[in-house]
Amino acid sequence: MLAARFFDLPERTGGPSVDDLLRYDQNIVGHTLKISEKRDERVRWKYFQYLSFLFAEIYLDRYFRDPEALLDGLNNRVRSFNEGKAEASQVPEYVPDDLRKLAFWMATGSGKTLLMHVNVLQYRHYLELHGRTGELDRIILLTPNEGLSRQHLRELEKSGFEAELFSRSSESLFTSQRIQILEITKLREDTGVKTVAVEAFEGNNLVLVDEGHRGTSKASDVIGDKGWKPMRDALCKDGFSFEYSATFGQAMKAAKNKKLTDEYAKCILFDYSYRYFYGDGYGKDYRILNLEEGSDESFRHRYLVAALLSFHQQQLLYRDREKELQPYGIERPLWMFVGSSVTKSPSKDDRTDVINILRFLARFVREREESVGILKRLLSGRTGLSYKGRDLFADSFGYLKEKGLAAEKLYDSILSGFFNAAGRAMLHASVLKEAEGEISLHLGDNKPFGVINVGDPSALSKLLEEQEEIVVSEQSVSGSLFDALNTRESGINLLVGARKFTEGWSSWRVSSMGLMNVGKNEGSQIIQLFGRGVRLKGLNFSLKRSSQIPYTRHPRHIEILDRHIEILETLNVFGVSADYMQQFKEHLEEEGLPSNDNIEEIILPVSKTLNGKKLKTIRLKEGVDFRENGPRPELDTPNSLCDALARKLPVKLDWYPKVSALESRNGAVTAVRDAGKLEPRHLAFINLDEVYFDLVRYKNERGWHNLTISKEKVVELLKNPGWYELAIPSEDLEFSPGNLGQQVRTWQEIATSLLKAYCKKYYDTRRAEFESKYLRYQELSEEDDNFLEEYRFQVEASKEDYIRELRDLKTAIESGQMKPVSWGALDIFSFDRHLYRPLVHLKNKDVSVKPVALNEGERQFVKDLKSYYQTHPDFFEERELYLLRNMSRGRGIGFFEAGNFYPDFILWLLAGDHQYVAFIDPKGITRLRGVEDPKIAFKDTIKEIEERLTDPNVTLSSFIISNTPYDEIAYWGMSKKDLEDRHVLFQKDDKNTYIEDMLKRILAHS
């Protein structure tokens, strides 16, 4: 895909050639397989992770191959960047030593640990490629603390690395192969009992720095020779370093050091900080529940009860639906109270905040009547807890209301579910002598429900002894409550703690977060704390919240999850005081994140208009899965299949785009196109073992575990080349003295590309053959997943005009009326032949809506069809027209045999008893693979399906409605009429005629 999209990159930008991109991709795949060998499942990358690897490949390739050219290229870019800017905004030019460091600004939860592992393999690869492996003296991983060091050791071992926690007594002769893990706090100018001098690591080192922002926020850490940063820089003086952090930006702002800012402006290779991570739909949503300044004690107590109730609602939903939630990877909820500046000696403010939290908990338990009254008020929807005139919790407890729990029952449920107690009792705080820094929280003799984790709990415990509501004691118990938080056996629901949570602590459980003592200059810690709470595995480990996976159909059709999954995919953020909430909000806004504290949600109902009409559609029989219960095919030659299937297998490979890209700099592009085959003389030089293993890796990467590939069949396919067409200059298949090595690599790449394309066609054909037996016509009903129940609009509360328009429309729909809205971002309209109303298109991002709105091409198609319907009544005098938007993967109607194609619309034309069913996809087509693309070829595929289903009263067809003008794809080499005959119609070129053309072709297609 990279090669197809970027074949002209060298000509346009001087960037990597297609050959380079394919080589980089092969390297990334190889490194991925390497770190996956000891894992239960192969690591699968998200797009941003892959791009970070690709950027590293490009950089390291140039760094090792020609560092002077790299330096010149970067400085040309710097000069271009600085042009016209004030001196204070300019970046200094690179010097050779600047090339020795790369930094990755990656959001918490984006996979920095595995990124580091691949970077090590990438660096080693280029050392070996350039014959420089012997230069590397050691690989050092610097971490902030011992806990994170141990975590890294475990992860490195899972990835197959030799690694060890650094010890002066464990130095070996093979330090360049073994990764040595060391806390940055142990680096000193001189060696001590628990420290080591920087000079002990002299030489050519590869240095990996986790939490790379550490040692940059204070001048004492940056200036001179004794600060943390100068010492870690000394480690890689003659080598290379990779640094990783989620908060480089916040650290630079706190440091207020122009030289340091310039350094990171030059070395950050890839920026995928949290604003991009969140913007792409990864991680939980979040809800900041602000306190008004000057709130009195009664208000704050009611606010904390609401926080407790919100958390308990998460508990109950998880408890009730734990089994159904498994595909989402959602863990048991945990409420975390954190302070950004809790150190070994908790500050007065920290201690006060912790005490206030415990006093609140004790009061809630002790004062049953008061607590039940507050719960009753919260459930009523009139909570009195307002911020900027809006009730914070007015619509927050929908799941509890559905359960029908009265306030008294809810109080008892909180006692048992949150406090782990059957009834009321005194709050106990027990210092755990065998667990460093931990204080257990429990009611009476019941098992612990919470744990306080601080560096030195003695000062805190003395203050707790002064509180008459709290019983303080010591306990000698084995094991740590904190360390066991992620186990199923843990009964801990509340964690109150310190800065250690910002670095290295990993848990998927956090679902609510309370803020204590949030400082003004601690943006890095705030963003990291926040990152701990918004981590999300997501449906099938997508890392995405469900609302950001378009048209997601929840497993097992759990209706209750459709309504309430967001409760468990949203981090609620509360504060002990209004000042903390304001500081937190400001830190998020500095990161470029919306505060999400002032959002109006307006639910627009949908009116369905099927009205019992018996329309036929196509569905695969439920439960059919080719991989699980289909045959186990073996890759074979085309003559092993029947003629009808064999005709689907021929592969066409055009080597000319690549050659053009590689040779365009010399102008050597020819218009004559030759064809050729790989002959025995070529195969004799190809490493067939490598080709075979590349093909097996390709098969495994795509999860085709039921497909068997033998080396014998691979060789047989290459020796009998009738199954492919190869367009390639004839001279590229001739032997050229002095260039044989490059030619052999090219021939091997061609062989691999051909076999991969054939393997995909063979697998898809066998899967389509299997599934064809289970495709069937099905009568459409309003329970079909293509029907919507509602639209959910989210609008900033300040945008009152949008809110008014949407509320007016909601009122109109509820009263049975339907009026169009075209104002600002909103384009909401109806077409009475569409099977539900209204339809929504958004012109900009002022408003968001779920499900995803129509794009511009889809909107225009519906409006053009509507216009034709209204202006040509004669055409429809004896015909009925119906239209339905087809949802995407998981819900709509898709066709695997067309490359998992989900057309955007289904159109029905009814003439008497006959139904003409057309699948229509408005789209830009510049990225399609020409006329051979499966979406275009679906015109013929759908007729094969029609023939198999054998219903004489149904005619199937398919159309691509191109919003790309013909002139932009004329290079495909096919006339506009030929494309129209393949049911590619041009929306812009033929705006006034394409609808009529499509309808006539539908009727003529029987």
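First, the ground rules. Because this is a predicted model, local features need pLDDT of at least 70 and side-chain atom pairs count only at pLDDT 80 or more, while totals for chains, interfaces and linings use all residues. Residues are numbered from 1 along each chain as its sequence is written, and side-chain values use heavy atoms, with hydrogens and water left out.

**Overall picture**

The protein has 1006 residues, and 55% of them count as buried; buried here means under 20% relative accessible area, exposed means over 50%, and partly exposed is in between (1.4 Å probe, protein chains only). Its secondary structure comes to 34 helices and 38 strands, taken as DSSP runs (H or I for helices, at least four residues; E for strands, at least two) and numbered from the N terminus. If you look at contacts between residues at least 6 apart in sequence, 75% join residues at least 24 apart, a contact being heavy atoms within 4.5 Å. The protein exposes about 45200 Å², with carbon and sulfur atoms supplying 46% of that; the areas come from the Shrake-Rupley method with a 1.4 Å probe, and for residues only the protein chains shown count as cover.

**Helix 5**

Helix 5 takes in residues 67-82, so 16 residues, and reaches 22 Å from its first C-alpha to its last, close to the 22 Å expected at 1.5 Å a residue (the expected span is 1.5 Å times one less than the number of residues). Which residues of helix 5 are buried? They are L70, L71, N75, V78 and N82. These cover an arc of only 125 degrees around the axis, which puts them on the same side of helix 5; the arc is that of the directions from the helix axis to the C-beta atoms. What covers them includes helix 4 (47-65). After helix 5 comes G84, whose phi is positive, near 80 degrees.

**Salt bridges**

A salt bridge here is a side-chain nitrogen of Lys or Arg within 4 Å of a carboxyl oxygen of Asp or Glu, and by this rule the count comes to 61. Here are three of them.

| Pair | N to O distance |
|---|---|
| E322 and R488 | 3.4 Å |
| E469 and R359 | 3.3 Å |
| R681 and E734 | 3.7 Å |

E322 lies in helix 14 (residues 322-325) and R488 in the loop between strand 17 (470-475) and strand 18 (494-497), so the pair ties together parts that are 166 residues apart in sequence. E322 is partly exposed at 27% relative accessible area, whereas R488 is exposed at 67%.

In the second pair, E469 counts as buried at 16% relative accessibility and R359 as partly exposed at 38%.

Elsewhere, salt bridges that share partners join D20, R23, D61 and R65 into one network.

**Confidence**

The mean pLDDT of the protein is 83, and 84% of its residues reach 70 or more; pLDDT is the predictor's confidence in each residue, from 0 to 100. Over residues 3-12 it stays under 50, and the model has 18 contacts beyond four places in sequence for them. Residues 215-225 also have pLDDT below 50, with 28 contacts in the model beyond near neighbours in sequence. Where pLDDT is low, the predicted coordinates should not be read in detail.
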